[in-house]
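The structure comes first, then the details.

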Amino acid sequence: MSRIGNQPIEVPEKVKVAIAGHHVKVEGPKGKLNRELHPSIAIKQEGNHLLVTRQDESNESKSLHGLSRTLVNNMIYGVTHGFVRELAITGVGYRAEAKGRELHMALGYSHPVIFKLPAEVTAHTDAARTAIKLESVNKEVLGETAAKIRSFRPPEPYRGKGIRYSTEVIKRKEGKSAGK
């Protein structure tokens, strides 16, 4: 039994949901999203609620039930509120600047790192250019983009230099001199 999968999804008034077989389209004030669900998962709309059900009791269907419900719920939340992911840059001379659809970063390499943002993601930097704020209606693309940007210079454990998520806590290590 999936506790999450059995919960109905409330659809706000300003959101339009179109269901065609296993294909779901969601349109709201912030954008449009669509997704193809697994054939063993069924979705139906009753008033202003969506119900996600599974066709059979196989292990695969059970594992996809809660996942499918969460994916559709994230689509609805994304087109109404949007998702935000914030990154913090730590290190002397490390900085980032959003220029149109590109993110220009100085990360201690001999060359600047230029990252082209996906069409669904927008980036903003603060005045000090040490924080990046990514926004999107699609949670998956946003998470992948944030992880890719973080991978250019992951935080190191001795000084904490690098790019990290703003909520991430870096476990710091003592240096060589601590052992003496």
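Phe83 is buried, at a relative accessible area of 12%. Tyr77 is partly exposed, at 40%. (Buried is under 20% relative accessible area, exposed over 50%, partly exposed in between, with a 1.4 Å probe and protein chains only.) The model is predicted: local features need pLDDT of at least 70, side-chain atom pairs pLDDT 80 or more, while totals for chains, interfaces and linings use all residues. Numbering starts from 1 along each chain as its sequence is written, and side-chain values use heavy atoms, without hydrogens and water.

The structure holds 2 aromatic pairs. Rings of Phe, Tyr and Trp (its six-membered ring) pair with centres within 6.5 Å; planes under 30 degrees apart are stacked, over 60 edge-to-face, the rest tilted.

| Pair | Type | Centre to centre | Between planes |
|---|---|---|---|
| Tyr77 and Phe83 | tilted | 5.3 Å | 45° |
| Phe115 and Phe152 | edge-to-face | 5.8 Å | 65° |

Phe115 and Phe152 are both buried. Their pair links distant parts of the chain, 37 residues apart. Phe115 sits in strand β10 (residues 113-116), Phe152 in the loop between α2 (139-151) and β13 (162-165). Helices (H or I, at least four residues) and strands (E, at least two) are DSSP runs numbered from the N terminus.

Charges also meet rings. Arg85 lies over the face of Tyr165, 4.2 Å from the ring centre. The criterion is NZ of Lys or CZ of Arg within 6 Å of the ring centre and within 35 degrees of the ring normal.

Now the sheet. Its 3 strands are antiparallel and open, in the order β1-β6-β5. Strands pair if DSSP finds at least two bridges between them. The edges are β1 (9-10) and β5 (41-46).
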